[in-house]
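Have a look at it first, then read on.

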Amino acid sequence: EYLVYLPEGNEVIVDLSAVSGNFAVEWFNPNTGETKTTEQISGGNMQKFISPFDTGDSALYLKVL
């Protein structure tokens with residue numbers, strides 16, 4: 001599992017090269033309590049994530065399936 005906090009939203013690159021398999025991807029906006037689930041991604045490499053929220057902080061939760 002990975003939990004990434006992004007102050008001011010924006011984007012982040014996460015190194016998933018040490019883990020194979022698929023990940024569930026969920027975003028959380030701590031300012032509004034809103035969550036968004038996006039498509040699963042594959043591990044085994046670097047992945048770029050862009051916050052789906054227009055403004056504010058974001059948290060990215062990745063869980064191996």
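## How the strands pair

β1 and β6 are antiparallel partners, joined over 5 bridges. Strands here are DSSP runs of E with at least two residues, numbered from the N terminus, and two of them pair if DSSP finds at least two bridges between them. Before going further, some housekeeping: this is a predicted model, where local features need pLDDT of at least 70, side-chain atom pairs count only at pLDDT 80 or more, and totals for chains, interfaces and linings use all residues. Residue numbers start from 1 along each chain as its sequence is written, and side-chain values use heavy atoms, with hydrogens and water left out.

Which strands make up the open sheet of 4 strands, and in what order? The order is β1-β6-β3-β4, and the pairing is antiparallel. β1 and β4 (35-42) sit at the edges with a single partner strand each, so one side of each has no neighbour in the sheet. From one strand to the next the twist averages 20°, with axes being lines fitted to C-alpha atoms and angles running from 0 to 180 degrees between N-to-C directions.

## The chain as a whole

The protein chain has 0 helices and 6 strands, giving the pattern β-β-β-β-β-β along the sequence. Its radius of gyration is 11 Å, close to the 11 Å from the globule rule for 65 residues, so the chain is as compact as a globular protein of that length. That radius is taken over C-alpha atoms, and the rule is 2.2 Å times the number of residues to the power 0.38. Along the principal axes, the C-alpha atoms fill a box of roughly 35 × 20 × 15 Å.

Of the 65 residues, 32% count as buried, meaning under 20% relative accessible area with a 1.4 Å probe, protein chains only (exposed is over 50%, partly exposed in between). Among contacts (heavy atoms within 4.5 Å) with a separation of 6 or more, 68% come from residues 24 or more positions apart.

## The core and L60

The largest nonpolar core has 13 residues, and V12, V14, V25, W27, F49, L60 and L62 have the most contacts inside it. Such a core is a set of buried Ala, Val, Leu, Ile, Met, Phe, Trp, Tyr and Cys residues joined through side-chain atoms within 4.5 Å. At least two of its residues come from each of β1 (2-6), β2 (11-15), β3 (22-28) and β6 (58-64); the largest share, 3 residues, is from β3.

L60 lies in β6 and is buried, at 0% relative accessible area. V4 stands opposite L60; the two are 56 residues apart in sequence, yet 5.0 Å apart in space, C-alpha to C-alpha. Setting aside neighbours within four places in sequence, the contacts of L60 include Y2, V12, V25, W27 and F49. With that same exclusion, L62 contacts V14, F23 and F49, among others.

Not counting residues up to four places away in sequence, N29 touches E34, F53, T55 and D57. The hairpin of β3 and β4 has 6 residues between the strands, and G33 takes a positive phi near 85° there.
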